[in-house]
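Colleague: I am new to this one. Please take me through a single part closely, and then show me what surrounds it.

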Amino acid sequence: MTIYEEREVTRKERVPVRKVCDICGQESKQLRNISHNHNSWGNDSCDSYETIEICQKDECYLGAFKKFEESNNSKYDTAEFDGMEYSKLRILLCK
Ligand SMILES: [Zn+2]
């Protein structure tokens with residue numbers, strides 16, 4: 001039998017203190033989550049999800065896209081960036 005009583009407990013927790021853009025490094029009150037994955041079959045499909053937090057600047061969105069293009073995920077025909085098919089984005093970007 002375990003006997004309990006009320007005691008005041010102090011413990012340390014990781015709490016968010018500020019938000020910083022993963023691309024430009026500047027502090028921002030509101031960050032946007034951008035994720036990409038290869039969206040293909042295989043055990044690593046879930047593991048392929050990568051998410052970064054970026055500020056509202058257009059150049060940071062482009063920076064996130066460049067990071068995606070440099071990643072292994074972009075090598076797949078089924079790759080997705082920010083919920084869009086990379087194969088279609090490539091057409092839009094005339095690549
Ligand atoms: Zn930024």
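Which residue in β4 does Glu-80 stand opposite?

Modeller: Glu-80 stands opposite Glu-85 in β4. Keep in mind that this is a predicted model. The protein chain has a mean pLDDT of 91, and 98% of its residues reach 70 or more. Confidence is highest in β2, at 94. It is lowest in helix α2, residues 86–92, at a mean of 87.

Start with the strands. β3 and β4 run antiparallel, joined by 2 bridges. They belong to an open sheet of 4 strands, in the order β2-β1-β3-β4, with antiparallel pairing. β2 and β4 are the edge strands, and each pairs on one side only. In general, strands of a sheet pair through backbone hydrogen bonds, either parallel or antiparallel.

Glu-80 has another partner to look at. Tyr-86 is in contact with Glu-80, and also with Ser-74, Ala-79 and Phe-81, leaving aside neighbours within four places in sequence. The largest nonpolar core has 11 residues, among them Ala-79, Phe-81 and Tyr-86. Helix α1, residues 58–70, gives the largest share of this core, 3 residues. In soluble globular proteins, nonpolar side chains tend to be buried together.

Now turn to α1 itself. The helix has 13 residues and reaches 19 Å from its first C-alpha to its last. That is close to the 18 Å expected at 1.5 Å a residue. Cys-60, Ala-64 and Phe-68 are buried in α1. Seen down the helix axis, the buried residues fall within an arc of 90°, so they line one face of α1. On the other side, Asp-58, Glu-59, Leu-62, Lys-66 and Glu-70 are exposed. The buried residues of α1 pack against β1 (32–37), β2 (50–54) and β3 (80–81). That brings us back to β3, the strand paired with β4.

One more stop, at the other end of the sheet order. Leu-31 lies in the segment before β1. Leu-31 counts as partly exposed, because it has 17 C-beta neighbours inside 10 Å. Not counting residues up to four places away in sequence, Leu-31 touches Lys-19, Cys-21, Glu-53, Ile-54 and Cys-55. Cys-21, Ile-54 and Cys-55 are also members of the largest nonpolar core.

How values were computed. Residues numbered from 1 in each chain as written. Predicted model: local features only at pLDDT ≥ 70, side-chain atom pairs only at ≥ 80, totals over all residues. Core = buried A, V, L, I, M, F, W, Y, C linked by C-beta atoms within 7 Å. Buried ≥ 20, exposed ≤ 12 C-beta atoms within 10 Å, placed from the backbone. Contact = placed C-beta atoms within 7 Å. Expected span 1.5 Å × (residues − 1). Arc of directions from axis to C-beta. pLDDT = per-residue confidence, 0-100. Pairing = 2+ DSSP bridges.
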